[in-house]
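The structure to which the text refers is shown below.

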Amino acid sequence: MAEMKVGHPVHTLPGEYVVDSYIMGERLGPQATVRALQKGEGPEYDVLVATYPRSGTARVVEIAWLLMNNIDVQKAKDVPQGGRHMFLDLCAPDFKSIFGKPLPSGKIPLAKTHLPYHTMEKHAKRDTKIIVGFRNPKDNIVSIYHFYRSNRDLGCFKGSFSEFFQLVKDKHLFFGDVFDYNVGWWNIRDRPNTMYVNYEDLTEDPVREVRRMAQFLGKEVSDEDVANIIQWTSFGNMATEKSTNYEGIKHIIDFEISPYMRKGKVGDWRNYFNNEQSEFIDEQYEKTCMPVGLKFRYDL
Ligand code: PPS
């Protein structure tokens, strides 16, 4: 494999840099912070949510937070999601502040990262619970395409989906290649206190998946609790509520181009992928995920 280098003819991220053989952007995770995390530095936390960007992180974080906070829907409404968990990648390198705002000291209940396993290996050795969120790579890539278009921190990509797809082929995407990412975190499946949640499963059967997450987190939940969680974390509700629709970062994401909560569907990739692109992903899947038994569903 060619050595990863900063810059690509199709698109280069603002403040692009290379770490652990993938590209990152300074505004997605300052290099000093990523290197500190790589060394195992950072706050103590009880639960870590690890997800590739645009794989449905916000829903997983929201469910985990509600389970860990007595299904306090009122607080979830009052406090933006960003204030209810710690986004490790975006912290200052000393983990004392984020975007200049001080962070609490001491053990954090809920933390999140988009960084690949090989960067977070030392963190994964800690005695914490890890929830890994997966989404089928085709829908994931479509969502990332729109994120690249709308996000000023990603340089507001102006090209077509086909042009963007060249970045996928060249593994020149933020946080690394989607397959490397998924296989990396999948390879720790025998680690105690690790669970996997799929976007498609959550959409298909939220009752089962919320109950599975509750069990993993050691929380007893009633049918009413589960119903309240599902209602609050439905796409329609999260897209409407100010505390979950991320409209507080409209200065970074141009919602006119594509809102943070865009479509929330399984199978939207069919509106973007041509046969050649779909086959490319299928081939990558066969090479990387199939041998380790990692499965995705592209339609429900
Ligand atoms: S981020 O910014 O990388 O953390 O984004 P992330 O939350 O991982 O992924 C955003 C995509 O997830 C969809 N989403 C949801 N789908 C269903 N239900 C709920 N509650 C939900 N919340 C977020 C969001 O719409 C993005 O997917 P697309 O396909 O672009 O709509």
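Two strands are taken to pair if DSSP finds at least two bridges between them. The model discussed here is predicted. On that basis, it contains an open sheet of 5 strands with parallel pairing, in the order β4-β7-β3-β8-β9. Its edge strands are β4 (86–87) and β9 (194–198), each of which pairs on one side only. Strand β8 (residues 129–134) runs parallel to β9, and 5 bridges join the two. Within this pairing, Val132 stands opposite Tyr196 in β9.

**The hairpin**

A second pairing involves strand β1 (residues 16–19) and β2, which are joined in the antiparallel sense over 4 bridges. Val19 is the residue opposite Tyr22 in β2. The hairpin of β1 and β2 has 2 residues between the strands, and Asp20 adopts a positive phi near 45° there. Strand β2 (residues 22–25) directs Tyr22 and Met24 one way and Ile23 and Gly25 the other way; all are buried.

**The ligand site**

Which residues come nearest to the ligand? Of the 21 residues around the ligand, these are Thr57, Ser143, Tyr199, Lys263 and Gly264. By class, the shell comprises 8 nonpolar, 8 polar and 5 charged residues.

Taken alone, the ligand exposes 640 Å², of which the protein buries 98%. The elements that give two or more residues to the shell around the ligand are α2 (57–68), α5 (137–150) and α11 (235–240). The largest share, 3 residues, comes from α2.

**Buried positions**

Asn140 is placed in helix α5, one of the elements that give two or more residues to the ligand shell. Is Asn140 buried or exposed? Its relative accessibility is 0%, and therefore Asn140 counts as buried, the limit for that class being under 20%. Not counting residues up to four places away in sequence, Asn140 touches Tyr52, Pro53, Arg54, Ser55, Arg135 and Val178.

Gly29 is situated in the loop between β2 and α1 (31–38). Gly29 likewise counts as buried because its relative accessibility is 0%. With neighbours within four places in sequence left aside, Gly29 is in contact with Tyr17, Met24, Val34, Asp89 and Leu90. How many residues separate Gly29 from Val207 in sequence? The two are 178 residues apart in sequence, and their C-alpha atoms are 34 Å apart in space.

Ser97 belongs to strand β5 (residues 97–98). Its relative accessibility is 18%, so Ser97 counts as buried, given the limit of under 20%. Residues up to four places away in sequence again not being counted, Ser97 touches Cys91, Ala92, Pro102 and Leu103.

Notes. Residues are numbered from 1 along each chain as its sequence is written. This is a predicted model: local features need pLDDT of at least 70, side-chain atom pairs count only at pLDDT 80 or more; totals for chains, interfaces and linings use all residues. Side-chain values use heavy atoms; hydrogens and water are left out. A residue is near a molecule or strand if one of its heavy atoms lies within 4 Å of it. Accessible areas come from the Shrake-Rupley method with a 1.4 Å probe; for residues, only the protein chains shown count as cover. Ala, Val, Leu, Ile, Met, Phe, Trp, Tyr, Cys and Pro count as nonpolar, Asp, Glu, Lys and Arg as charged, and the others, Gly among them, as polar. Buried means under 20% relative accessible area, exposed over 50%, partly exposed in between (1.4 Å probe, protein chains only). Contact means heavy atoms within 4.5 Å.
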